[in-house]
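Open the model in your viewer and keep the sequence panel beside it.

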Amino acid sequence: MANIYIPRNPDDLTPECLTHILRDAGVIEHGRVTGVSAGGSTDSEGLTGLTTRIRLEYDTRAPRAPVSLIAKCSSAIREMRERPNTQAAYQREVRFYKEIADTVPLRTPRCYHADIDTESGDHIILLEDLYPARGGNRTKGCSREQ
């Protein structure tokens with residue numbers, strides 16, 4: 001299941017790469033991504049991976065083209081990738097978005113792209129940005145209002 005190219009981190013998500021991904025996802029036809037900036041309030045290096053907001057600019061705006069995405073990548077820390085069950089967790093999440101997210105009754109963010117290279121441990125998931133919603137914190141929990 002080795003892949004030719006999996007972006008290792010948000011900096012690898014070039015305009016050319018994202019144009020290809022968004023064309024494959026059916027959200028842009030003729031236009032192309034001309035600018036990419038990574039970073040923002042969602043940036044976090046969690047226990048097993050990196051999550052960041054990616055803002056996009058286009059040469060022409062397609063109605064379904066996202067202005068931002070959430071990118072989830074493998075941890076930059078090699079030791080974290082090699083911990084027991086980390087690779088399996090990456091594989092489960094990629095498979096969830098590729099195979100069953102559209103079938104569950106809960107609202108899930110649209111997945112524009114999900115892939116994994118099981119040899120290197122690199123994976124990428126590009127999701128719909130549900131701003132202003134925020135991800136939960138499994139160690140802090142949440143309030144009733146949240």
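**Whole chain**

Show the surface first: the accessible area of the chain is about 9,400 Å², and carbon and sulfur atoms account for 50% of it. Of the 146 residues, 37% count as buried.

Next, colour by pLDDT, since this is a predicted model. The average over the chain is 86, and 88% of the residues score at least 70. Select strand E1 (residues 33–38), which has the highest mean pLDDT among the elements, 95. Then select strand E2 (residues 44–45), where the mean is the lowest, 56.

Switch to cartoon. The chain has three helices and six strands, and their order from the N terminus is α-β-β-β-β-α-α-β-β. Of the contacts between residues at least 6 apart in sequence, 50% join residues at least 24 apart.

**Interior**

Which residues have the most contacts inside the largest nonpolar core? Select Leu-13, Leu-18, Leu-22, Leu-56 and Leu-126; the core they belong to has 20 residues. Helix H1 (15–24) and strands E3 (49–58), E4 (68–74) and E6 (122–128) each supply at least two residues of this core. H1 contributes the most, four residues.

Centre on Leu-18 and display its contacts. Beyond its neighbours within four places in sequence, Leu-18 touches Leu-13, Val-33, Val-36, Ile-54, Leu-56, Leu-69 and Leu-126.

Conventions
Residues numbered from 1 in each chain as written. Predicted model: local features only at pLDDT ≥ 70, side-chain atom pairs only at ≥ 80, totals over all residues. Heavy atoms only, no water. pLDDT = per-residue confidence, 0-100. Buried < 20%, exposed > 50% of the residue type's maximum accessible area, 1.4 Å probe, protein only. Contact = heavy atoms within 4.5 Å. Areas by Shrake-Rupley, 256 points an atom, 1.4 Å probe, with all protein chains shown as cover. Core = buried A, V, L, I, M, F, W, Y, C linked by side-chain atoms within 4.5 Å.
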